[in-house]
Amino acid sequence: MLGIVSAALISGLNAAPTKKPTPAEKPASKEAKKINITFAKEVAPIIFNNCTTCHRPGEVAPFTLMNYAETKKRAKQIALVSESRYMPPWKADPKSGSYHDERVLTTEQIKTLKAWADSGAPEGNASETPKLPKFTQGWTLGTPDLVLEPGEEYALGAEGKDVYRNFVIPTTYAEDKYVSAVEVRPGNRTVVHHVLIFLDNSGQGRKLDAKNTELGYETFGGVGFTPSGSLGGWAPGNLPRFMPDGVGQLLPKGTDVILQVHYHKSGKAEKDKSKIGLYFSKKPIDKLMRVMPVAYLPLRIPANEANYRTQSAFPVLDNVTVHSITPHMHLLGKEMTVTAEMKDGTKTSLVRVPDWDFNWQTTYALKEPLKVPQGSKIAMTARYDNTPSNPRNPSSPPKPVRWGEETTDEMCIAFVGYTVDSEHLTKGIVAEDAIDFGSRRGANAAGRGGGMMQRVLKRFDANNNGKLDPDEMKKAMEAAKEFMGTSSTGKP
Ligand code: HEC
């Protein structure tokens with residue numbers, strides 16, 4: 001009762017009901033009718049602004065919520081999924097941080113939806129219904145500067161194992177470019193599970209492609225060789241966004257882009273042509289967006305273990321600013337927490353995903369980027385359920401699981417997007433050996449050497465012979481201990 005009243009108040013219906021209800025008329029459902037929450041006035045704004053982004057043609061949701069009839073038909077179900085916070089899908093604990101593009105309803109909005117459903121979902125005065133927001137058709141970020149797509153549609157078989165198909169797409173611009181956003185448009189959403197974008201300046205992707213008569217070539221997870229970088233990717237629920245002004249990612253000229261699409265077969269033959277849009281920076285770039293990987297690689301998840309836990313950390317080697325966190329596990333993952341443990345001992349939550357859902361992987365972009373000083377660490381804990389009572393367990397009966405690229409393997413990694421505070425590309429100051437996950441696999445994004453090995457050498461190669469001698473190695477291992485991580489079943 002109180003809920004309904006406050007919902008009515010907060011949702012803008014501050015006028016009292018035209019006729020004061022007498023005490024005899026007070027059962028809850030009738031009361032709701034009296035208060036007269038209508039689609040036109042209170043419900044449409046909630047649905048159009050929080051649901052229709054996905055519940056419209058060509059988007060990820062299985063039905064549309066675009067008008068009164070479509071919403072009324074599901075009023076009860078809408079009340080339920082809003083109340084349980086199953087919809088809109090948002091997996092981070094709202095208390096763990098504040099993010100761009102958060103999909104969270106207020107308690108008042110949830111009450112309004114429930115009161116409306118309880119009162120028979122009236123339309124109200126149809127002429128008061130707000131117009132649907134202007135949704136961009138196709139590209140969310142507007143027309144890209146460059147669209148990259150395979151030359152033709154890819155034909156996927158009806159049944160069988162998942163397919164990781166790599167499409168090699170040459171770029172043709174004449175100079176190096178900075179990218180400030182990348183948007184992926186998955187083609188056929190019934191089969192596209194996720195998309196990853198890799199860079200290749202070695203020509204190896206082209207060679208593998210040429211060996212295949214069909215479009216692209218197949219691998220399991222990786223691209224079949226060490227790529228020269230990455231441009232991120234897409235999974236359902238991930239929204240593209242521009243990097244902050246002055247921040248960008250380098251795309252050297254002549255680089256091939258490899259679009260890797262992970263397909264889940266649907267039971268019938270399907271076709272797909274996924275594509276990506278690149279948005280080049282219009283302003284001068286001062287800092288590169290880099291990626292710090294916080295991972296626990298020696299995963300050994302026993303079969304039938306309900307509560308396998310890991311913890312690990314990554315050292316912060318420069319004064320940095322953290323912009324985003326992308327937790328990543330597969331189907332056994334249950335929970336992941338990522339925290340900045342500052343040099344002075346204080347801890348700041350970066351993100352907590354209390355009920356991990358492989359289908360809703362998200363890059364959590366911090367509303368307030370966080371300064372983390374050199375000497376701090378980024379800590380991660382994760383939890384897995386490898387029992388038959390985990391409905392997502394891909395193996396029946398459960399089997400022991402390790403790190404791997406297959407859907408039935410697991411991963412334990414958080415990609416932390418960051419910039420180096422001392423870097424000023426506009427003044428020619430480059431953070432040459434900053435950690436960058438993409439560049440770790442090859443030349444770094446600025447075309448120079450980079451990554452963990454360089455940092456380890458710099459610190460521990462006392463005699464400067466370019467390698468770690470046994471005594472230097474001993475010291476390095478000692479220092480690394482803090483960052484090895486542990487699991488609930490002990491080390492392998
Ligand atoms: C980011 C995309 C997205 C947004 C935003 C979103 N939905 Fe959904 N919705 C989905 C997808 C995908 C499904 C189907 C898969 C599933 O049930 O998880 C779905 C399913 C549903 C279902 C069916 C659930 C079931 O049990 O079968 C309802 C009802 C629903 N959404 C209502 C809403 C409402 C109400 C909102 C806004 C308050 C909303 N959705 C916002 C993507 C979205």
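Is methionine 342 buried, exposed or partly exposed? With 17 C-beta neighbours inside 10 Å, methionine 342 counts as partly exposed, where a residue is called buried if 20 or more other C-beta atoms lie within 10 Å of its own, exposed if 12 or fewer, and partly exposed in between, with C-beta atoms placed from the backbone. This is a predicted model, in which local features need pLDDT of at least 70 and side-chain atom pairs count only at pLDDT 80 or more, while totals for chains, interfaces and linings use all residues. Residues are numbered from 1 along each chain as its sequence is written.

Methionine 342 sits in the loop between strand 17 and strand 18; helices (H or I, at least four residues) and strands (E, at least two) are DSSP runs numbered from the N terminus. Its C-alpha atom is separated by 8.7 Å from that of glutamine 374, although the two are 32 residues apart along the chain.

The shell around the ligand holds 19 residues, of which Cys51, Cys54, Ala61, Met87 and Pro88 come nearest; a residue is near a molecule if its C-beta atom, placed from the backbone, lies within 6 Å of it. Helix 5 (residues 75-83) supplies the largest share of this shell, with four residues. By type, the shell divides into eleven nonpolar, six polar and two charged residues, where Ala, Val, Leu, Ile, Met, Phe, Trp, Tyr, Cys and Pro count as nonpolar, Asp, Glu, Lys and Arg as charged, and the others, Gly among them, as polar.

Proline 88 lies in the loop between helix 5 and helix 6, and the peptide bond that joins methionine 87 to proline 88 is cis, with omega near -15 degrees. Aspartate 101 is found in the loop between helix 5 and helix 6 as well; its phi is near 55 degrees, a positive value in a residue other than glycine. Most residues other than glycine have a negative phi, and most peptide bonds are trans. A cis bond also leads from serine 396 to proline 397, with omega near 0 degrees, and proline 397 belongs to the loop between strand 20 and strand 21 (401-402).

Helix 6 (residues 107-118) has twelve residues, which at 1.5 Å a residue should span 16 Å, and its end C-alpha atoms are 17 Å apart, which agrees; the expected span is 1.5 Å times one less than the number of residues. Among the buried residues of helix 6 are Leu113, Trp116 and Ala117. Glycine 120, with a positive phi near 90 degrees, follows helix 6.

Five strands form an open sheet in the order 6-3-9-5-7, with antiparallel pairing; two strands pair if DSSP finds at least two bridges between them. Strand 6 (217-219) and strand 7 stand at the edges with a single partner strand each, so one side of each is left without a neighbour in the sheet. A second open sheet, of four strands, has the order 13-22-16-19 and is likewise antiparallel in its pairing. Here strand 13 and strand 19 are at the edges, each with a single partner strand, so one side of each lacks a neighbour in the sheet.

| Strand pair | Bridges |
|---|---|
| Strand 3 (residues 163-170) and strand 9 (residues 256-263) | eight bridges |
| Strand 16 and strand 19 | five bridges |
| Strand 15 (residues 308-315) and strand 20 | eight bridges |
| Strand 15 and strand 23 (residues 486-487) | two bridges |

Within these pairs, valine 168 stands opposite isoleucine 258 in strand 9, isoleucine 325 has tyrosine 364 of strand 19 as its bridge partner, and serine 312 has methionine 380 of strand 20.

**The nonpolar core**

The largest nonpolar core has 43 residues, and those with the most contacts inside it include Met292, Val338 and Val416; such a core is a set of buried Ala, Val, Leu, Ile, Met, Phe, Trp, Tyr and Cys residues joined through C-beta atoms within 7 Å. Among the elements that give two or more residues to this core are strand 13 (290-295), strand 17 (333-341) and strand 20 (377-384). Strand 22 gives the most, with six residues.
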